[in-house]
Amino acid sequence: MLSRLSAATIAPAAEYLALARHTLKRLLEAPALLDRICIERKPGAYTRNLIYGDDRITVYAIVWAAGSQTSIHDHHCSCCFGVLSGAIRETWYETVDANHAVPTKNFVRETGHIAGMLPSGPNLHKMTNDAADEAISIHIYGYASETRPSSIDCEYLLSDQRNA
Ligand SMILES: [Fe+2]
């Protein structure tokens, strides 16, 4: 299933995103792939657990401990995710300069939610688990994990809007 998706990365973007969403739906319905990987947990932090990787896509199960959060970041590649368990708050941002961003929208991504973003944007966001319980999401990124440390392109600081 994931190798078929990988082959589709050369398809038009809309076609790839549709297949990525379909793949995530199937993974959320029957997450047997997780049985074969070692899940790492860190109190207060999130962990990336590699499910699949080749020269085109990298798939992680991300375990979000209560209180964990990412930086404000964007991506150099496509980023599709589905929430397997729990809920994750996703905040969207807009840049105000090369290093700073302001929040524009907040969403709570509940179990079963599936999203797909392209590197052409909009894809500037921050993920937070501010619930009391752990959450797990499956992420499919359009890059080879052996060539780059992560899917993150740039990180931003929260702007002091009085100076924006
Ligand atoms: Fe992200």
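Visitor: How many helices and strands does the protein chain have?
Guide: The protein chain has two helices and 10 strands. Helices (H or I, at least four residues) and strands (E, at least two) are DSSP runs, numbered from the N terminus. This is a predicted model: local features need pLDDT of at least 70, side-chain atom pairs count only at pLDDT 80 or more, and totals for chains, interfaces and linings use all residues. Residue numbers start from 1 along each chain as its sequence is written.

Visitor: What pattern does the protein chain follow along the sequence?
Guide: The order is α-α-β-β-β-β-β-β-β-β-β-β. The radius of gyration is 16 Å, close to the 15 Å of the globule rule for 164 residues, so the chain is as compact as a globular protein of that length. That radius is taken over C-alpha atoms; the rule is 2.2 Å times the number of residues to the power 0.38.

Visitor: Which residues touch the most other members of the largest nonpolar core?
Guide: A nonpolar core is a set of buried Ala, Val, Leu, Ile, Met, Phe, Trp, Tyr and Cys residues joined through C-beta atoms within 7 Å. Buried means 20 or more other C-beta atoms within 10 Å of a residue's own, with C-beta atoms placed from the backbone. Here the largest core has 29 residues, and Ala20, Cys80, Ile138 and Ile140 touch the most other members.

Visitor: Which element gives this core its largest share?
Guide: Strand 2 does, with six residues. Helix 2 (13-29), strand 2 (58-64), strand 4 (79-85) and strand 9 (135-141) each supply at least two. A second, separate core of five residues includes Ile72, Tyr93, Ala101 and Tyr156.

How values were computed:
Buried ≥ 20, exposed ≤ 12 C-beta atoms within 10 Å, placed from the backbone.
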